Amino acid sequence: MSVPASVDLTTLENELLHEISSAGDLPALEAVRVSALGKKGRVSELMSRLGALPVEEKKTFGAAVNILKSAVSAALDARKSVLEASALNERLNTERADVTLPVRLGPVAEGRIHPVSQVLDEVIEIFADMGFAVAEGPDIETDAMNFDKLNIPAEHPARQDHDTFYFSPGSDGTRLLLRTHTSPVQIRTMSTQKPPIRIIAPGRVYRCDSDQTHTPMFHQIEGLVIDETTHMGHLKWVLEEFCKAFFEVDEVKMRFRASHFPFTEPSMEVDIGAEAIGKPGQWLEILGCGMVHPNVLRNCGLDPDKYQGFAFGMGLDRLTMLKYGIPDLRAFFSGDLKWLRHYGFGVLDVPTLGGGLSS
Ligand code: DAH
């Protein structure tokens, strides 16, 4: 079989180039490509005829088909770029996102932030604004960290108040425990960082206790500031600023009552006037605080003649109950969805000082 090569190929090339240039969109162009270069396409078909040709013709015909193939490929690529660019332009012209529209409510809006998480975020936001960093410590502690180094020795009566959960002693006789307060984070921080120190340490704490206002696990936030000239005026200012920001009021009445904690001297308990939460005429206890005891500084390798500072500790769950009027602490940990829908917060309403803590 002989093929009138030159005629065939020129006509075919012209036909294909015409089809390519008139393909109006990418799917149409793809159809042309398949019909020309696909397995059973018209150009591929020519190649399969090669085998039947005499040796001489095989060479020239083969070369000519390859040239045709290259020309068609190049034309396909060029047309493809043009069509892709116009498809993109078309999309840019028709698809627009108005970034000023409110976020569409979807599954994300179904979720609820637990009130304790909300209050934790609020408290962190307030203290971060005053230059405090967030520190953390483990829930499982040693006697030394939870008590001894905080100036609460073995026979100290304060230990009894804590109703500690102990683990069974290890082979070397040491007993680990679930920390009864976040104060051991003070020790961990002062033992590893040089002053100036300014931290808050939120976390879970554990005590063997359970009624309407006590659960075996609850949350505290510890605060610690150590520097060379830090004094009680700073402590009072920090707590007052915190209370105003947290309860979202311009004024707050505060009362500092003398108290006793082994790790502070002097020690105080702080009450706020309940008008801050819309209940005038009462006082509410919200935290314990004081100037860090020299023994505690010494236990962490700090020289009490050089360094001094203050610490405070408050119950996060209690703050949450007060601010959001939640009566029963146990509901915090019961995993009741109905409760969470009622008291929970929107996932997208992140508390900020600028935008409002709770709205
Ligand atoms: N650790 C104390 C408690 O759990 C609370 C506390 C009181 C922490 C006074 C302090 C502080 O840092 O200065 O009852």
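Arg188 is partly exposed, because its relative accessible area is 29%; here buried means under 20% relative accessible area, exposed over 50%, and partly exposed in between, with a 1.4 Å probe and protein chains only. Arg188 forms a salt bridge with Glu141, and the closest N and O atoms are 2.7 Å apart. The term salt bridge denotes a side-chain nitrogen of Lys or Arg within 4 Å of a carboxyl oxygen of Asp or Glu. Glu141 lies in strand S3 (residues 140-142) and Arg188 in helix H9, so the pair ties together parts that are 47 residues apart in sequence. Helices (H or I, at least four residues) and strands (E, at least two) are DSSP runs, numbered from the N terminus.

The structure is a predicted model, in which local features need pLDDT of at least 70 and side-chain atom pairs count only at pLDDT 80 or more, while totals for chains, interfaces and linings use all residues. Residues are numbered from 1 along each chain as its sequence is written, and side-chain values use heavy atoms, with hydrogens and water left out.

Side chains of opposite charge can pair when their charged atoms come close. By the rule given above, the count comes to 18 salt bridges. One of them joins Glu122 to Lys323, with the closest N and O atoms 2.7 Å apart. Glu122 belongs to helix H6 (residues 115-129) and Lys323 to helix H12 (residues 316-324), so this pair ties together parts that are 201 residues apart in sequence. Both of these residues, Glu122 and Lys323, are buried.

A further salt bridge connects Arg175 with Asp143, where the closest N and O atoms are 3.9 Å apart. This pair links distant parts of the chain, 32 residues apart: Arg175 is in the loop between H8 and S4, and Asp143 is in helix H7. Arg175 is partly exposed, with a relative accessible area of 35%, whereas Asp143 counts as buried at 17% relative accessibility. Salt bridges also link Arg255, Arg257, Glu269, Asp271 and Glu285 in a network.

The backbone deserves attention as well. Most residues other than glycine have a negative phi, and most peptide bonds are trans. Asn151, in the loop between helix H7 (143-146) and H8, has a positive phi near 70 degrees. Asn151 counts as buried, because its relative accessibility is 19%. Glu248 has a positive phi near 55 degrees and is found in the loop between helix H10 (232-247) and strand S7 (254-259). With a relative accessible area of 38%, Glu248 is partly exposed.

Two peptide bonds can be considered next. The bond from Pro195 to Pro196 is cis, with omega near 5 degrees, and Pro196 is placed in the loop between helix H9 (184-192) and strand S5 (197-206). The bond from Glu265 to Pro266 is likewise cis, with omega near -5 degrees, but Pro266 lies in strand S8 (residues 264-273).

Finally, the domain assignment of the protein chain gives domain 1 (9-94) and domain 2 (115-343), with bounds that come from an automatic or database domain assignment. The C-alpha centres of domain 1 and domain 2 lie 76 Å apart.
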